[in-house]
Amino acid sequence: MGLPCMNLTTAQLRYLIMIYQLQKNGRVRLLDVAGKLGVAKPSVHRMAVQLVRLELLEEGRFSVLQMTARGLEVAEAYEHGCILLHSFLQSELQLSSADAQEGALALLGAYPLEKLRALCSKLEGPLSMIT
């Protein structure tokens with residue numbers, strides 16, 4: 001299945017990837033995301049509303065967040081791109097892990113989703129030579 005055509009902001013990506021990572025370990029509450037990102041619970045709620053509108057997330061009862069099938073697919077693709085970009089920025093530009101993470105999110109936020117697979121395949125070649 002091809003990825004849906006959409007562009008996400010850097011902030012939306014940060015939240016989406018965090019929810020995706022937390023969901024791997026079970027249910028995700030607004031409070032869990034707030035704690036991991038160091039933001040207030042109302043900020044997570046506002047972002048959850050945006051992600052629900054994009055059909056990436058369903059908000060369950062009692063502030064439990066659940067990703068849609070589309071959300072899982074999009075988050076997985078962006079997480080993969082973020083990992084590749086993070087590694088590239090850290091190894092090639094000698095950025096700290098935190099700066100490489102921020103740089104990766106900023107680049108992905110400016111990069112259309114439909115082009116993400118091509119970007120990832122280009123990065124996988126140089127990264128295989130680094131390790």
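The model is predicted, so to speak of a local feature I need pLDDT of at least 70, and side-chain atom pairs count only at pLDDT 80 or more, while totals for chains, interfaces and linings use all residues. Residues are numbered from 1 along each chain as its sequence is written, and side-chain values use heavy atoms, with hydrogens and water left out.

Side chains of opposite charge can pair when their charged atoms come close. The term here means a side-chain nitrogen of Lys or Arg within 4 Å of a carboxyl oxygen of Asp or Glu.

E102 sits in helix 5 (residues 97-110) and R14 in helix 1 (residues 10-23), so the bridge ties together parts that are 88 residues apart in sequence. Helices are DSSP runs of H or I with at least four residues, strands are runs of E with at least two, and both are numbered from the N terminus.

E102, at 40%, is partly exposed, and R14 is partly exposed at 26%.

Next, R29 and D32 meet in a salt bridge at 2.9 Å, N to O. R29 is partly exposed at 32%, and D32 is partly exposed at 23%.

R70 pairs with E55, and their closest N and O atoms are 3.4 Å apart. This pair links distant parts of the chain, 15 residues apart: R70 is in helix 4 (residues 69-93), and E55 is in the loop between helix 3 (41-53) and strand 2 (57-59). R70 has a relative accessible area of 28%, which makes it partly exposed.

Now the helix packing. How do the axes of helix 2 and helix 3 cross? The axes of helix 2 (residues 30-37) and helix 3 come within 8 Å and cross at roughly 110 degrees. Axes are lines fitted to C-alpha atoms, for helices over the stretch in contact, and angles run from 0 to 180 degrees between N-to-C directions. Helix 2 is therefore roughly perpendicular to helix 3, a label that covers 65 to 115 degrees.

Which residues make the contact, meaning heavy atoms within 4.5 Å? Helix 2 contributes L30, V33 and A34, and helix 3 contributes K41, V44, H45 and A48.

Methods
Buried < 20%, exposed > 50% of the residue type's maximum accessible area, 1.4 Å probe, protein only. Parallel < 35°, antiparallel > 145°, perpendicular 65-115°, else oblique. Contact = heavy atoms within 4.5 Å.
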